[in-house]
Structures are given as structure tokens and as C-alpha cells.
Amino acid sequence: MDTGSYPMWEKYRLKQEHLVIGLMSGTSLDGTDAALVRIQTDMSRAIQQIELVDFVCVPYSNGLRDVLIRLCSPGTARVDELTAAHFGVSEWYAHSVTELMRSAGISTQQVDVISMHGQTVWHAPVASAFPGPTGASIDVVSTLQIGECAVVRERTGLPVIGNLRARDMAAGGEGAPLTPYADALMFRSPTEGRLVQNIGGIGNVTVLPLSHLPKVFRHLIRDRAIW
């Protein structure tokens, strides 16, 4: 990366302590989660410690949940409603940031960046044929998370990172799950192998063996499952 073109990120790299806000809303459609995280790095920029500072959840209203349920189905999704939701959900994310900073007693000047996942409405990691630019069909994988970074940026004044799943798929990944990277950073151990279970609309088990990269097993958890 040409760091000269991105002075903000060069300044970020020079710091050894970062305060980051993570925004997430899962396929369970229960609400928006906002986490304030402190990340400590050493002089080589390697992560040394990750600490959860504060956390808030803003539950979705029944009206918003009904809209999102319709948008998650090809039989009921409408492009006009999808476009409105893309911007409307962003207001929920921005509100969550405000509530989180109020809870933590901090100002925007203390926060380095927001990382925003967005609300998944469709995920298609299996390639399908699509008309290509040379006339021949091409294989395309795709995913769609709604939530406009520009809206959150304008409402909060903070830089926003987004399109996390899209970037992974563009680079050849499946886009989901993204949790194994964080699991490896926070839970790997030099003395024992570990399993990390994430339960949401989709259940993920991350396997953290000794001296190996994490492996992931996924299984669908049906809505309203009883445990």
C-alpha cells in the first residue's frame, strides 16, 4: 500500500494503543451490537493484547425486523425497499456508536476508527454463471451486506472500514465466517488446543490446534432453536 496516500492510516500504524469500535448485526436479526475495543501493539506492530472496554446492543424494532426478513428472501425482496434499508440501517449503526460512547464516557476524539460489518441479506459463496465482458460466461461468487459507511461517517465524524466479507471473497475466500481470525488472536494457546463456539443465525466452531492455523466447521442453527 502507498502509505503516502493514506496519512490517517500511517498515523494509526505509528500508535501502539488503539481504540476501535466494531459494529455488527447478524443473521439472527435481533439488533445491532457495538463494541469498544482497546488494541495494544508492540514496536513491530504485532498485536499484544485485545481488551473489551464496553459493549452495547440496540434491539431491532419489529418493523425493521419485518423489513429485513423480506429482504433476505428472493421471493419478497424489492429493490426500492433494499435501497432504503441500506441507508436506514446505517442510522441504527450510527445511533449504536453514540450509545456506546455515552456508556463508555468517551468522545469521538478518543476513537481511532469504526469497523462496520453491515447486515447480511444474501450470501452466495458458490459460484454461478454471469455474463462476462468478453461475451463468455464467467463464474461469480457474491455477498451483500447493507449499511452505508458514508452515512455512519457523516453522523459520527469517524473513519469507517466496511465491505469486510466482500473483500475476502474478492481475494478468493468464502466471506464467512470471519470470526476465526479474531478467535486465533484472542484464544489461541501455546499449551493446549481449543474450540471456540459462536452461536448466532449461523453456528461456527473454530478449531485452534497447537501451532496450526485455525480451522472452521459451520452448521446452520435454525431460527428459534432451543438449547
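Analyst: **Aromatic pair and nonpolar cores**

Tyr 60 is buried, with a relative accessible area of 4% (buried means under 20%, exposed over 50%, partly exposed in between, with a 1.4 Å probe and protein chains only). Trp 92, at 22%, counts as partly exposed. The model is predicted, so local features need pLDDT of at least 70 and side-chain atom pairs 80 or more, whereas totals for chains, interfaces and linings use all residues. Residues are numbered from 1 along each chain, and side-chain values use heavy atoms, without hydrogens or water.

The structure holds one aromatic pair (ring centres within 6.5 Å, the six-membered ring for Trp; planes under 30 degrees apart are stacked, over 60 edge-to-face, the rest tilted). Tyr 60 and Trp 92 make up this edge-to-face pair, with 5.6 Å between centres and 85 degrees between planes.

The largest nonpolar core has 27 residues (buried Ala, Val, Leu, Ile, Met, Phe, Trp, Tyr and Cys joined through side-chain atoms within 4.5 Å). Strand 1 (17–25), strand 2 (31–41), helix 2, helix 3 and strand 4 (113–131) each supply at least two of its residues; helix 3 gives the most, six. A second, separate core of five residues includes Val 20, Val 37, Ile 39 and Val 113.

How values were computed
Helix = DSSP H or I, 4+ residues; strand = E, 2+ residues; numbered from the N terminus.
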